[in-house]
Amino acid sequence: MLTDLSYPLKSNTVPFWAVPLIAIVLPWVIFGGIYFKKKNVYDLHHGILGILYSVLITAVITDAIKNGVGRPRPDFYWRCFPDGKPNFDNVTGDVTCHGERTVIKEGYKSFPSGHSSGLTVASFCYLQFFPYPFDVDAVWPHAHFQQLAEPQNTGNANSHNMGWTETDHGAVVLRDTGPTLDSMESGRRL
């Protein structure tokens with residue numbers, strides 16, 4: 001088993017400080033750019049919620065599984081014996097690690113991969129806020145359609161909401177609706 005765990009210890013490919021920038025800040029910048037182009041506040045709001053939701057859920061689930069499984073990383077030998085000399089207890093035959101404690105502890109966290117879990121949980125979280133990407137309604141988050149389906153009666157005659165109708169081709173056409181706008185479209189005055 002030591003041959004499977006004897007790969008050399010290398011530094012991280014992506015530095016620790018860059019992970020939040022890549023996982024949170026970069027998507028927020030992209031969402032902001034899309035918002036300024038489309039002016040869709042639902043998209044922006046639910047995109048930000050989806051990223052936060054997926055990052056938090058991924059961190060909790062992945063760390064819990066990694067701590068529970070405790071499978072060694074391929075470089076565990078060099079974490080345990082940084083000088084390259086193994087140390088075994090003569091009586092029990094157990095391995096006695098003499099590396100740095102925090103480095104050894106991280107050496108027990110190889111499964112599941114952070115990438116395979118950031119991907120699985122992110123896909124699940126995406127579907128909590130948005131329809132499937134190939135769906136006809138994929139342009140809008142679920143909450144947008146829920147708001148359109150609920151009648152909003154605020155008692156204000158000048159209030160309006162976004163209404164939608166389907167065309168013959170199944171596409172959704174959005175338009176502002178309300179008593180004032182409807183009367184203006186028909187040429188009447190209130």
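**Helices, rings and a surface patch**

Author: Keep in mind that this is a predicted model. Let's start with helix α2, residues 41-69: at 1.5 Å a residue, its 29 residues should span 42 Å, and its end C-alpha atoms are 42 Å apart, so the two values agree.

Reader: Ok, and which residues of α2 are buried?
Author: The buried ones are D43, H46, G47, G50, I51, S54, T58, T62 and K66.

Reader: What follows α2?
Author: G70 does, and its phi is positive, near 65 degrees. For context, most residues other than glycine have a negative phi.

Reader: Switching topic: how many aromatic pairs are there in the whole structure?
Author: A search finds five. Take F76 and Y108: their ring centres are 4.8 Å apart and their planes are at 50 degrees, so this pair is tilted.

Reader: Where do F76 and Y108 sit in the chain?
Author: In distant parts of it, 32 residues apart. F76 belongs to helix α3 (residues 76-80), while Y108 is in the loop between α4 (101-106) and α5 (114-117).

Reader: And is F76 buried or exposed?
Author: F76 counts as buried because its relative accessibility is 11%, and the cut-off for buried is under 20%.

Reader: What about Y132 and F134, how are they arranged?
Author: They form a stacked aromatic pair, 5.5 Å centre to centre with 15 degrees between the planes. Y132 is partly exposed, with a relative accessible area of 48%, whereas F134 is exposed at 73%.

Reader: Which residues form an aromatic cluster?
Author: Y77, W78 and F81 form one.

Reader: What lies over the face of Y35?
Author: That's K39, at 5.9 Å from the ring centre.

Reader: Back to that loop between α4 and α5: which proline lies there?
Author: P112. The peptide bond from F111 to P112 is cis, with omega near -5 degrees. In general, most peptide bonds are trans.

Reader: Last thing, the surface. Which residues form the nonpolar patch there?
Author: V14, W17, V19, L21, I22, V25, L26, V29, I30 and I34, with about 910 Å² of accessible area together.

Reader: Where is V29, then?
Author: V29 is in helix α1, residues 18-38. V29 counts as exposed because its relative accessible area is 56%, and exposed means over 50%.

Notes
Residues numbered from 1 in each chain as written. Predicted model: local features only at pLDDT ≥ 70, side-chain atom pairs only at ≥ 80, totals over all residues. Heavy atoms only, no water. Patch = residues over 30% accessible without salt bridge, like charges linked within 9 Å, V, L, I, M, F, W, Y side chains within 5 Å. Areas by Shrake-Rupley, 256 points an atom, 1.4 Å probe, with all protein chains shown as cover. Salt bridge = Lys/Arg side-chain N within 4 Å of Asp/Glu carboxyl O. Helix = DSSP H or I, 4+ residues; strand = E, 2+ residues; numbered from the N terminus. Buried < 20%, exposed > 50% of the residue type's maximum accessible area, 1.4 Å probe, protein only. Phe/Tyr/Trp six-rings, centres within 6.5 Å; stacked < 30°, edge-to-face > 60°. Lys NZ or Arg CZ within 6 Å of the ring centre and 35° of its normal. Expected span 1.5 Å × (residues − 1).
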